[in-house]
Amino acid sequence: MAEPEVAEPEVAEPVMTGSEVAEPEVSRPAVTGPGSLSVETWVERLGGPDGPERYRRYTLGTLAAFAAAEVALWAFWIKTSDAGTLGSALVAAVGAAHVGAHLLLSRAALRRYLGAGPRPAGLVALYVVATVAMAAVGCALLAAGRIGDRDLVTYLVWLMMFYAGPPMLALPTRTGVVLVGAVPAAALGAAAASGLSGELLALAVGGILFMVPFMATGMRVTGWSVRLIEELARARATQARLAVAEERLRFGRDLHDVLGRNLAVVALKSELAVRLARRGREEAVAQMEEVQHIAQESQREIRAVVRGYRTADLLTELAGARSVLEAAGIDCRIENGPAARLPAHTQAALGWVVREGTTNILRHAQGASRCEVSARATVSGWVALVMENDGAGTAPRPGTGSGLPGLRERLVEVDGTLTTELRPGGIFRLTARIPWETAE
């Protein structure tokens with residue numbers, strides 16, 4: 001018989017398209033089989049799309065194969081034993097009932113273990129009755145002299161081996177252990193009463209003591225593995241939803257931080273241009289040109305936010321804050337301190353603080369005349385940025401707006417903190433701190 005042909009993977013050369021470089025396409029190895037269908041195609045046809053549902057189907061297929069193996073073993077036992085026509089017919093009839101109950105209970109027990117169905121108490125009772133009846137048939141055949149001691153040993157070991165698995169999935173652990181242990185013990189007692197003794201009885205006890213716990217544990221582990229796969233799939237779905245929610249929060253936060261100050265500046269300069277235009281002064285044109293420039297810059301920043309590439313630079317934001325505040329008639333004093341020596345991620349976090357603080361001054365500080373911004377390294381091992389302004393008597397209540405919560409989220413990423421303080425005289429202080437170890 002010829003072996004399947006395995007195609008060598010073909011790696012395509014990169015394709016240049018304008019300024020982009022297309023990723024090389026790697027063809028998957030195809031294992032051909034009958035009818036020119038790959039093994040992967042047959043797997044998907046039998047099990048469905050990849051995922052927990054396929055694994056569950058494979059497990060159910062394994063349980064069905066196990067029941068089929070029981071049928072094969074009982075057929076082999078009937079053929080090789082000397083039970084006679086009547087005895088073979090009894091074993092075949094009771095064995096068919098036992099196999100049917102085994103298959104039904106295995107499927108129902110797996111569904112119950114996965115939380116997708118009720119506890120199959122009726123099937124458990126039917127399965128136990130079928131097992132006890134089959135053990136009784138074997139012991140009766142031995143007592144009547146229709147089978148030998150060795151035939152009963154293999155009969156009982158196989159019967160209890162197949163019996164042990166399903167109840168462990170269908171019942172709670174303690175109840176399952178009791179039931180799985182009680183039926184084999186009763187069957188061994190009945191076998192001893194029927195005449196099984198000596199080394200063969202010891203062989204039956206040893207075989208059952210080995211196979212029953214082995215099969216019961218194996219069935220329990222099978223159910224646990226299916227449940228674990230499904231829990232992992234649900235966890236991955238939850239993780240994906242959380243990632244989408246986090247990205248939405250990031251996008252909304254960035255839009256707020258980017259547009260907040262720019263719109264405040266646009267409103268301020270537009271108002272100034274209107275006043276100048278009413279007075280017939282030419283400076284109104286210059287103010288509107290600045291508004292146009294800010295609007296164009298806002299468009300570029302929004303595009304960058306959408307792409308997720310934009311970062312705030314501390315020194316740039318400090319210079320922008322001075323320009324904007326002084327244009328609004330607010331005296332702005334800035335102390336850079338160690339700002340230039342901070343790494344990019346720390347400058348970005350503090351840059352957003354400066355941007356949001358400036359936006360809050362323009363929006364909420366009525367009659368503000370001064371603002372002081374300082375960045376310094378503290379003795380306790382922190383990098384601190386403090387913004388302080390007057391005119392905060394009508395500042396919004398804590399908890400309103402989304403700017404400060406967004407800043408706290410940004411600072412948490414670098415192990416930082418954000419505090420606000422309303423001091424006497426309408427002084428508002430905004431303080432951001434980042435550990436120096438994180439900043440280095």
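Colleague: Which residues do ring pairs link into a cluster?

Modeller: In this predicted model, ring pairs link Trp 74, Phe 76, Trp 77, Tyr 155 and Trp 158 into a cluster. A search of the whole structure gives 7 aromatic pairs.

Colleague: Why is the pair of Phe 66 and Phe 162 called tilted?

Modeller: The ring centres of Phe 66 and Phe 162 are 5.0 Å apart, and the limit for a pair is 6.5 Å. Their planes stand at 55°. Stacked needs under 30 degrees and edge-to-face over 60, so the pair is tilted. Phe 66 lies in helix α2 and Phe 162 in helix α5, so the pair ties together parts 96 residues apart in sequence.

Colleague: What makes Phe 162 buried?

Modeller: Its relative accessible area is 2%, and buried means under 20%, so Phe 162 is buried. Phe 66 has a relative accessible area of 23%. That value falls between the 20% and 50% cut-offs, so Phe 66 is partly exposed.

Colleague: Why is the pair of Tyr 127 and Tyr 163 called stacked?

Modeller: The planes of Tyr 127 and Tyr 163 are at 20° and the ring centres 5.6 Å apart. Planes under 30 degrees apart count as stacked, so that is the class of this pair. The pair links distant parts of the chain, with Tyr 127 in helix α4 (residues 121-143) and Tyr 163 in helix α5, 36 residues apart. Both Tyr 127 and Tyr 163 are buried.

Colleague: How do you know that α2 is roughly antiparallel to α5?

Modeller: Helix α2 (residues 52-80) and helix α5 (residues 149-163) pack at about 170°, their axes 11 Å apart. Angles over 145 count as roughly antiparallel, so α2 is roughly antiparallel to α5.

Colleague: Which residues of α2 and α5 make the contact?

Modeller: From α2 they include Phe 66, Leu 73, Trp 74 and Trp 77. From α5 they include Tyr 155, Trp 158, Leu 159 and Phe 162. By class, the contact has 11 nonpolar, 1 polar and 2 charged residues.

Colleague: How many disulfides are there?

Modeller: The count comes to 0 disulfides. A disulfide needs sulfur atoms within 2.5 Å. For Cys 371, the nearest cysteine sulfur is that of Cys 332, 4.7 Å away, and Cys 371 is in no disulfide.

Colleague: Are Cys 371 and Cys 139 buried or exposed?

Modeller: Cys 371 has a relative accessible area of 1% and is buried. Cys 139 is at 4%. The cut-off for buried is under 20%, so Cys 139 counts as buried. Across the chain, buried residues make up 39% of the 440 residues.

Colleague: What makes Thr 420 partly exposed?

Modeller: Thr 420 is at 36% relative accessibility. Buried would need under 20% and exposed over 50%, so Thr 420 counts as partly exposed. Thr 420 lies in strand β6.

Colleague: Which residues does Thr 420 touch, not counting residues up to four places away in sequence?

Modeller: Thr 420 touches Leu 404, Arg 408, Phe 428, Arg 429 and Leu 430. The C-alpha atoms of Thr 420 and Leu 404 are 9.1 Å apart, and the two residues are 16 apart in sequence.

Colleague: What is the phi of Asp 415 near?

Modeller: It is near 60°, a positive value in a residue other than glycine. Most residues other than glycine have a negative phi. Asp 415 sits in the loop between α12 (403-412) and β6 (417-423).

Notes:
Residues are numbered from 1 along each chain as its sequence is written. This is a predicted model: local features need pLDDT of at least 70, side-chain atom pairs count only at pLDDT 80 or more; totals for chains, interfaces and linings use all residues. Side-chain values use heavy atoms; hydrogens and water are left out. Axes are lines fitted to C-alpha atoms, for helices over the stretch in contact, and angles run from 0 to 180 degrees between N-to-C directions. Helices (H or I, at least four residues) and strands (E, at least two) are DSSP runs, numbered from the N terminus. Angles under 35 degrees count as roughly parallel, over 145 as roughly antiparallel, 65 to 115 as roughly perpendicular and the rest as oblique. Contact means heavy atoms within 4.5 Å. Ala, Val, Leu, Ile, Met, Phe, Trp, Tyr, Cys and Pro count as nonpolar, Asp, Glu, Lys and Arg as charged, and the others, Gly among them, as polar. Rings of Phe, Tyr and Trp (its six-membered ring) pair if their centres lie within 6.5 Å; planes under 30 degrees apart count as stacked, over 60 as edge-to-face and the rest as tilted. Buried means under 20% relative accessible area, exposed over 50%, partly exposed in between (1.4 Å probe, protein chains only).
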